[in-house]
Amino acid sequence: MKRRIAVLGSTGSIGRQTLDVVRQHPDLFEIELLTANRSSELLIQQAREFDPANVVICDESLYGEVAEALQDEGIKVFAGIGSVCDLVTSDSVDVVVASMVGFSGLAPTMAAIRAGKVIALANKETLVAAGSIVMAEAEKYHAPILPVDSEHSAIFQCLLAAQGNAVTKLHITASGGPFRTWDREKIASATKSMALKHPNWNMGAKITIDSATMMNKGFEVIEARWLFDMGAKNINVVVHPESIIHSMVEFEDGAVIAQMGCPDMREPIQFALAFPERLPLNNKKLDFAQLGSLSFFAPDMEKFPALGLAFEALERGGNAGCVLNAANEVAVAAYLQDRIGFYDISDIASEALSGSFFVANPTVDDIFSTNDAVAAYAAELVNKIESRRRI
Ligand code: MG
C-alpha cells in the first residue's frame, strides 16, 4: 500500500522538496491533495505531474484559473482555507505534510490532528502559537506528529537511541544566519536583500528573515519544548555556522548523540514520510576530511534580541507564544515590503509581548482572537514606525 499524502503549501520551499522526495519514490508514495495559497501556475503544473484527487487554491479569486486549467484532468478543484480543513480529514489521506507558512497553518493542522492523521510538521508556528493545545489534541486523537524542521528531526532521530533513558539536555544548533559576524550597527541598517541571503539553507522568505533575526531559532526552542516535553532550562542553543550537526541530545552520563548531514531539507522530509524506514536519496553526502573542522559559539543575545524574546514567551506560557508569533508575522511582512528596519522586527515583537494580551489558559478561540488582536496592534506599530521613518 502506498502512503497517500496531502501537501499543504505544496508550492512553498518545503512543499516543492516534499514533491521531489515523492518523485524519487513513486512506488511508496502518492499525492492525494495539493494546496497552495496564491501560486496558481505552479499548483497547476504540480497537479498535472502528480495527479492528486483534489487541489485547493486558498486565494478564492484564483479558483477560476485553476479549475479551468485542470478541468480535463479529473482533478477536483476547491478554493479557500475551509476546503483545506475539510479535505485533510478524508479517509484517503494517510499523511499530512503541514508546510503552510505562519499562523494560517494552525486550523488545517488541527483539523488533520482531529482526524487522527499522521502529521509531518514543518509549520513550526502551529506549535509556537498553540503548543499546549495542539499536543493535547494530538494525544487525544492518536495523531503522531513527526517533525520536519531539521533540528527537530535531528533530535527525534537522536532520541531513537535513548531506549527509555532520561534525556538531560537538547542542544539545538543554529547557523547564526547571514549577520552572525556583523556588528549591531551594520545589522541595524541591513536591507531585506542582505537578510534574504542565508549562508547554508535555501528557504522561503519568511523563515529566511526569521533566521536572520534568530526568531526562527527562538521559535524552534518553543517547538522543541512542545514536541519533546522539555523545559526551557534544558534546551540549549549553540551557534554552529557549518550547519552540519542538525542538533544533539545529551544524556545523564554526559554522552551526547548528534545527527549530521549536508544541509538539505529533503532528508528530514523523507524521514518523516517514510518513518521508521530510511530511503535512498540523491542528496550530497558528507565528506569529513573535506570539512576539516566544525565550529561552535554561544549565541549573541544582544545582537539577536528575538532569541531572548522566545525564551521569555516560553517562561510566561499561556498565549505568549501566540502573541510573539503574531507580532513577528506582521513585522516580517512589513520588513519584506521595506516599510520598517531590521531591529524594528524584534522591537515590535517585544512591545506586543509586554502589552496586555496575556491569557494564562487559552482555548482555541482565545488563540485565534489573540492572533487577530496582536496582528492589528503590530500593524499600528508598523504604521507609526513607517511614518516616523518618512520624516
Ligand atoms: Mg530549522
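This is a predicted model: local features need pLDDT of at least 70, side-chain atom pairs count only at pLDDT 80 or more; totals for chains, interfaces and linings use all residues.

Reader: Which residues is F179 in contact with, leaving aside neighbours within four places in sequence?

Author: F179 is in contact with I187, A190, M194, A195, A212, K303, F304 and F342. Contact here needs heavy atoms within 4.5 Å.

Reader: Why are D149, E151 and E220 called donors of the magnesium ion?

Author: Donor atoms must lie within 2.8 Å of this metal; these lie 2.0 to 2.1 Å from it, so they qualify. D149 gives OD, while E151 and E220 give OE. Along the chain the spacing reads D-x1-E-x68-E.

Reader: Why is E151 called buried?

Author: Its relative accessible area is 8%, and the cut-off is under 20%, so E151 is buried. D149 is buried as well.

Reader: How do you know that K217 and E151 form a salt bridge?

Author: The test is a Lys or Arg side-chain nitrogen within 4 Å of an Asp or Glu carboxyl oxygen. K217 and E151 meet at 2.8 Å, N to O, so the pair passes. This pair links distant parts of the chain: K217 sits in helix α11 (residues 215-228), E151 in helix α7 (residues 150-159), 66 residues apart. K217 has a relative accessible area of 7%, so K217 is buried too.

Reader: What makes the pair D338 and K192 a salt bridge?

Author: The N to O distance is 3.5 Å, within the 4 Å limit, so the label holds. D338 is in the loop between α15 and α16 (342-353), and K192 is in helix α9 (residues 192-195), 146 residues apart.

Reader: Is D338 buried, exposed or partly exposed, and why?

Author: D338 has 48% relative accessibility; exposed needs over 50% and buried under 20%, so D338 counts as partly exposed.

Reader: And why is E41 called exposed?

Author: E41 is at 65%, and the cut-off is over 50%, so E41 counts as exposed. E41 lies in helix α2 (residues 40-50).

Technical notes:
Residues are numbered from 1 along each chain as its sequence is written. Side-chain values use heavy atoms; hydrogens and water are left out. Helices (H or I, at least four residues) and strands (E, at least two) are DSSP runs, numbered from the N terminus. Buried means under 20% relative accessible area, exposed over 50%, partly exposed in between (1.4 Å probe, protein chains only). Donors are N, O and S atoms within 2.8 Å of the metal (3.2 Å for Na, K and Ca); water is not among the atoms, so sites may look incomplete.
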